[in-house]
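User: I have a structure here that I have not looked at before. Can you walk me through it?

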Amino acid sequence: MKNRTLVMASMLVLCSFAATQVARAQEPLEVNIPFAFVAGDTTLPAGEYRVQKLDGNSAVMLIRCTEPRSAIMVVTNATRTGKQQEQSKLVFHKYGEHYFLSQVWNAGFSSGRELLKTQREKEIALSAKLQAPDQVIVAANISPTKQ
């Protein structure tokens, strides 16, 4: 009987830990982006942003600028890396002076979200004659749970 109770208690702890991790993966990120950039088909100004999944299982991400108040939604694909991320971050492809949001990562996870290359990014990459763009990484913070 003691073993059964111990096993049940252990399972409860593991389940609550997993639920906490899933909830943390869905928490919005706050990030200060010091340059104008393109997300999807929209050019956004430099500024403070809040980036989050539209809902728990969604491939759609909501990107909100705090000033001026504006928001866009972009479709993303799941992506993985071999190790857990040490820091929440946004990854941008840079071609000359053009920045394109490429990936969004949450600290503590080996999976993230990746935006598809738009036709505009492909054209700029072709005109820049770059096989691989420069990568620019901007650190993000987990946002307090306010909406």
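User: Where does pLDDT stay under 50?

Analyst: That stretch is residues 6-25. This is a predicted model, and for those residues it has eight contacts beyond four places in sequence.

User: And what does the protein chain average in pLDDT?

Analyst: The average is 81, and 78% of the residues score at least 70.

User: OK, the layout next. How many helices and strands are there?

Analyst: The protein chain has two helices and eleven strands. Starting at the N terminus, the order is α-β-β-β-β-β-β-β-β-β-α-β-β.

User: How much of the chain is buried?

Analyst: Of the 147 residues in the protein chain, 38% are buried.

User: What share of the contacts comes from residues 24 or more positions apart?

Analyst: Counting contacts with a separation of 6 or more, such residues account for 56%.

User: Give me an example of a residue in a strand. What does Leu 29 touch?

Analyst: Leu 29 is in strand β1. Leaving out residues up to four places away in sequence, Leu 29 touches a list of residues including Tyr 49, Val 51, Leu 90, Val 104, Trp 105 and Ile 142. Ser 88 is also among them. The C-alpha atoms of Leu 29 and Ser 88 are separated by 7.6 Å, although the two residues are 59 apart along the chain.

User: Is Leu 29 buried or exposed?

Analyst: Buried, with a relative accessible area of 1%.

User: Switching to charges. How many salt bridges does a search of the whole structure find?

Analyst: The search finds one. Glu 30 and Arg 50 form a salt bridge through their side chains, at 3.9 Å from N to O.

User: Which parts does that pair tie together?

Analyst: Glu 30 is in strand β1 (residues 29-33) and Arg 50 is in strand β4 (residues 47-53), so the pair joins parts 20 residues apart in sequence.

User: How buried are the two partners?

Analyst: Glu 30 is partly exposed, at a relative accessible area of 28%. Arg 50 counts as buried, at 9% relative accessibility.

User: Now the rings. How many aromatic pairs are there?

Analyst: The count is five aromatic pairs. One of them is Phe 35 with Phe 92, which is edge-to-face, with 5.0 Å centre to centre and 85° between the planes.

User: Where do those two sit?

Analyst: Phe 35 is in the loop between β1 and β2 (37-39), and Phe 92 is in strand β7 (residues 89-95). The pair links distant parts of the chain, 57 residues apart. Both count as buried: Phe 35 has 12% relative accessibility, and Phe 92 has 0%.

User: What about Phe 35 and Tyr 99, why is that pair called stacked?

Analyst: Their ring centres are 3.8 Å apart and the planes are at 15°, so the pair is stacked. The angle cut-off for stacked is under 30 degrees. Tyr 99 lies in strand β8 (residues 98-105) and Phe 35 in the loop between β1 and β2, so this pair ties together parts 64 residues apart in sequence. Tyr 99 counts as buried too, at 14% relative accessibility.

User: Which residues do the ring pairs link into a cluster?

Analyst: The cluster consists of Phe 35, Phe 37, Tyr 49, Phe 92 and Tyr 99.

User: What lines the largest cavity?

Analyst: The lining is Val 38, Ala 39, Gly 40, Phe 100, Leu 101, Leu 115, Leu 116, Thr 118 and Glu 121. Strands β2 and β8 each supply at least two residues of that lining.

User: Where does Thr 118 lie?

Analyst: Thr 118 lies in the loop between β9 (111-115) and α2 (119-128). At 13% relative accessibility, Thr 118 counts as buried.

User: And which residues is Thr 118 in contact with?

Analyst: Setting aside neighbours within four places in sequence, Thr 118 is in contact with Gly 40, Asp 41 and Phe 100. Gly 40 and Phe 100 are also among the lining residues of the largest cavity.

Technical notes. Residues numbered from 1 in each chain as written. Predicted model: local features only at pLDDT ≥ 70, side-chain atom pairs only at ≥ 80, totals over all residues. Heavy atoms only, no water. pLDDT = per-residue confidence, 0-100. Contact = heavy atoms within 4.5 Å. Salt bridge = Lys/Arg side-chain N within 4 Å of Asp/Glu carboxyl O. Helix = DSSP H or I, 4+ residues; strand = E, 2+ residues; numbered from the N terminus. Buried < 20%, exposed > 50% of the residue type's maximum accessible area, 1.4 Å probe, protein only. Phe/Tyr/Trp six-rings, centres within 6.5 Å; stacked < 30°, edge-to-face > 60°. 1 Å grid on protein atoms, 1.4 Å probe; cavity = no way out; pocket = protein on both sides within 12 Å on 5 of 7 lines; lining within 4 Å.
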